[in-house]
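User: I'd like a close look at one part of this model, told as one connected story. Here it is.

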Amino acid sequence: MASKKAKSRSMSANGRSSKSKFWTYSKLLHAITDHPDYISLDKTSRALLWDMYRQYNGYNNGNISAAHGVMGKWGWDKKTLLRCRKKLEAAGWIVVTRIPRAKKEPTLYAFSWLKIDSWQGKPYL
């Protein structure tokens, strides 16, 4: 069998970058996408759920922000963000873990299907 040739100089034959040792990814469970509550969400609320999930690193559930300053880089405008965030809260997909005490502090969220992690110090933003 002939060996595979890398498509570019920075890619190895298995498709991974030879410059980076670790790749981050998000695990999407079929139980979530097949759930009737998930199916009943509109497409923009589903998109917000997965854009918020992009912040999760395996150790920071409960420290997820849906603030416009964080979500704006993925193209979210304030009005749509607020509407979809309320829908996700009402449907039980995200739960509030911290209510801001000062004007500049963000509301933090956790994903309801994961265990809430303990964390100290500043929020991960």
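Which elements do the buried residues of α3 pack against?

Analyst: A quick word on the ground rules before the tour. This is a predicted model, so to speak: local features need pLDDT of at least 70, side-chain atom pairs count only at pLDDT 80 or more, and totals for chains, interfaces and linings use all residues. Residues are numbered from 1 along each chain as its sequence is written, and side-chain values use heavy atoms, with hydrogens and water left out.

Now to your helix. The buried residues of α3 pack against α2 (36-40), β1, α4 (68-71), α5, β2 and β3. Contact here means heavy atoms within 4.5 Å. The names come from DSSP runs, numbered from the N terminus: helices are H or I with at least four residues, strands are E with at least two. The buried residues in α3 are Ser-45, Leu-48, Leu-49, Met-52 and Tyr-53. Looking down the axis of α3, you'd find them within an arc of 135 degrees, so they line one face of the helix; the arc is taken from the directions from the helix axis to the C-beta atoms. As for the wording, buried means under 20% relative accessible area, exposed means over 50%, and partly exposed is in between (1.4 Å probe, protein chains only).

What about the sheet? It is an open one of three strands, in the order β1-β3-β2, with antiparallel pairing. β1 (64-65) and β2 (94-98) are the edge strands, each pairing on one side only. Two strands count as paired if DSSP finds at least two bridges between them, and β1 is joined to β3 (residues 108-111) by two bridges. Helix α3 (residues 43-53) packs on this sheet and touches β1, β2 and β3, its direction making about 100 degrees with that of β3. Helix α5 (residues 78-91) packs on the sheet as well, touching β2 and β3, and its direction makes about 100 degrees with that of β2. For those angles, axes are lines fitted to C-alpha atoms (for helices, over the stretch in contact), and the angles run from 0 to 180 degrees between N-to-C directions.

Ser-65 is worth a stop on the way. It lies in strand β1, and its bridge partner in β3 is Leu-108. Ser-65 is buried, with a relative accessible area of 0%. A polar atom of the Ser-65 side chain lies 3.1 Å from the backbone nitrogen of Ala-67.

The side chains of Lys-87 and Asp-42 meet in a salt bridge at 3.0 Å, N to O; the term means a side-chain nitrogen of Lys or Arg within 4 Å of a carboxyl oxygen of Asp or Glu. This pair links distant parts of the chain, with Lys-87 in helix α5 and Asp-42 in the loop between α2 and α3, 45 residues apart. Lys-87 counts as partly exposed at 34% relative accessibility, and Asp-42 counts as partly exposed at 26%. Arg-83 comes into the picture too: Asp-42, Arg-83 and Lys-87 are linked in a network of salt bridges.

The whole structure has four salt bridges. Among them is Lys-115 with Asp-117, at 3.4 Å, N to O. There, Lys-115 is exposed at 64% relative accessibility, whereas Asp-117 is buried at 12%.

Conventions
A polar contact is a pair of N or O atoms within 3.5 Å; within protein, one must be able to donate a hydrogen and the other to accept it, and residues adjacent in sequence count only if both atoms are side-chain atoms.
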